[in-house]
Amino acid sequence: MLNKLLEKFARLLVLWVVLAAGIGFVFPQVLVPLKPFTDWLFGFTMFGIGCLISVKDFKPMLEKPKLIFLGTAAQFVIMPLLAFFIIKLLDLPPVIAVGLILAAAVPDAMAAGVISYLAEADVAFSVALTTATTLVSPLVTPALTYFLGRQYIPIHLWPMVQSIMIMVILPLILGLWVQHKFHKITTKIKPVFPALSTLFITFICGLVVALNKNALGKVTAVVFVAVIALNVLGLILGYIAGKVFKFNLAQQRTLAINVGMQNAGMGAVLAIKHISAEAAIPNALFATWCIISAALLAAVWSKKRKLLN
């Protein structure tokens with residue numbers, strides 16, 4: 001009974017994020033005290049994700065390295081370039097521009113695996129791809145942010161590298177170790193980890209709103225257009241990349257989902273810590289929107305397959 005409630009809680013991530021955003025806007029004093037703990041919140045999220053991954057999830061990386069390499073390359077080429085062109089086209093303010101670059105430069109979201117399952121795509125490929133992009137993120141994410149964002153504001157490369165190592169890689173490895181060492185226990189309480197990750201991501205998005213209550217009044221429709229364009233075009237170009245790479249249909253859908261869905265919670269924490277709270281706005285918006293769009297796409301693909309069968 002409890003496990004089912006936790007699973008349902010995790011699936012309602014969008015609802016909780018919206019509610020947290022409302023609380024952050026109306027009662028910012030409730031969430032602002034969480035600011036010093038953003039690293040810990042995200043670290044616990046990655047620890048929970050590590051507890052959900054098993055050794056078998058790494059098999060696709062070892063058995064089909066070319067597949068993972070191409071998928072990872074697509075992720076870190078398509079999204080940053082899209083962000084670059086969207087910023088130029090819409091003439092975004094410097095801080096918001098860097099925030100959008102961060103949203104594009106982070107690895108894909110772990111939720112992509114769930115969406116791939118709903119879309120009847122290749123879940124193993126999705127998990128392996130997310131793991132690969134996350135593992136290389138300590139170098140790739142800061143590098144992309146630095147080279148694309150330094151024209152707008154000063155970007156400090158190495159502190160960002162250190163942050164990702166501490167709040168992403170180390171908790172992930174610790175979670176993997178716990179899962180391996182205490183497999184029977186983690187299997188029994190498996191729904192706890194997605195629920196905790198949902199809770200922490202919800203707090204982070206609510207905190208972004210709380211810290212930007214005054215700035216949000218200045219956010220124009222152009223910012224929303226930029227975030228939606230980044231996500232939708234990422235989904236489309238990810239799918240096209242899969243076709244170019246001659247992936248099968250399930251893998252094409254998976255690549256579309258993984259490219260279009262970003263770990264924007266990570267982007268929000270990095271923005272708050274290394275740039276400004278305002279730079280976290282595109283990430284908070286992206287975290288909510290990408291789940292909605294990907295879930296709708298998964299529903300369409302799943303329904304289409306049922307009709308064909």
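I call a residue buried under 20% relative accessible area, exposed over 50%, and partly exposed in between, with a 1.4 Å probe and protein chains only. This is a predicted model, where local features need pLDDT of at least 70 and side-chain atom pairs count only at pLDDT 80 or more, while totals for chains, interfaces and linings use all residues. Residues are numbered from 1 along each chain as its sequence is written, and side-chain values use heavy atoms, with hydrogens and water left out.

**Cysteines**

I looked up Cys-290 and found it buried, at a relative accessible area of 2%. Cys-51 is buried too, at 4%. Next I searched for disulfides (a pair of cysteine sulfur atoms within 2.5 Å). The structure holds zero. For Cys-290, the nearest cysteine sulfur belongs to Cys-205 and is 9.5 Å away.

**Salt bridge**

I then looked for salt bridges, meaning a side-chain nitrogen of Lys or Arg within 4 Å of a carboxyl oxygen of Asp or Glu. I found one. Asp-39 pairs with Lys-273, and their closest N and O atoms are 3.4 Å apart. Asp-39 sits in helix 4 (residues 38-52) and Lys-273 in helix 16 (residues 264-274), so the pair ties together parts that are 234 residues apart in sequence. Helices here are DSSP runs (H or I, at least four residues), numbered from the N terminus. Asp-39 is partly exposed at 22% relative accessibility. Lys-273 is partly exposed as well, at 45%.

**Helix 12**

I checked the span of helix 12 (residues 192-211). Its 20 residues reach 29 Å from first C-alpha to last, close to the 28 Å expected at 1.5 Å a residue. The expected span is 1.5 Å times one less than the number of residues.

**Pockets**

I moved on to pockets. On a 1 Å grid over the protein atoms alone, a pocket is an open set of points where a 1.4 Å probe fits, with protein on both sides within 12 Å along at least five of seven lines; lining residues have an atom within 4 Å of a point. A volume is the space filled by probe spheres set on the points.

The largest pocket has a volume of about 1600 Å³. I noted 48 lining residues, with Leu-52, Met-110, Ala-111, Val-114 and Pro-194 nearest its centre. Helix 8 (residues 111-118) gives the largest share of this lining, six residues. By class, the lining of the largest pocket has 29 nonpolar, 14 polar and five charged residues. Ala, Val, Leu, Ile, Met, Phe, Trp, Tyr, Cys and Pro count as nonpolar, Asp, Glu, Lys and Arg as charged, and the others, Gly among them, as polar.

The second largest pocket has a volume of about 290 Å³. Of its 16 lining residues, Val-209, Phe-224, Ala-284, Leu-285 and Thr-288 are closest to the centre. Helix 17 gives the largest share of that lining, five residues.

**Backbone angles**

Last, I looked up phi. Most residues other than glycine have a negative phi. Asp-91 has a positive phi of about 55°. Asp-91 lies in the loop between helix 6 (65-90) and helix 7 (94-105), and is exposed at 66% relative accessibility. Lys-246 has a positive phi of about 65°. Lys-246 is in the loop between helix 14 and helix 15 (249-260), and is exposed at 77%.

Definitions and conventions
Helix = DSSP H or I, 4+ residues; strand = E, 2+ residues; numbered from the N terminus.
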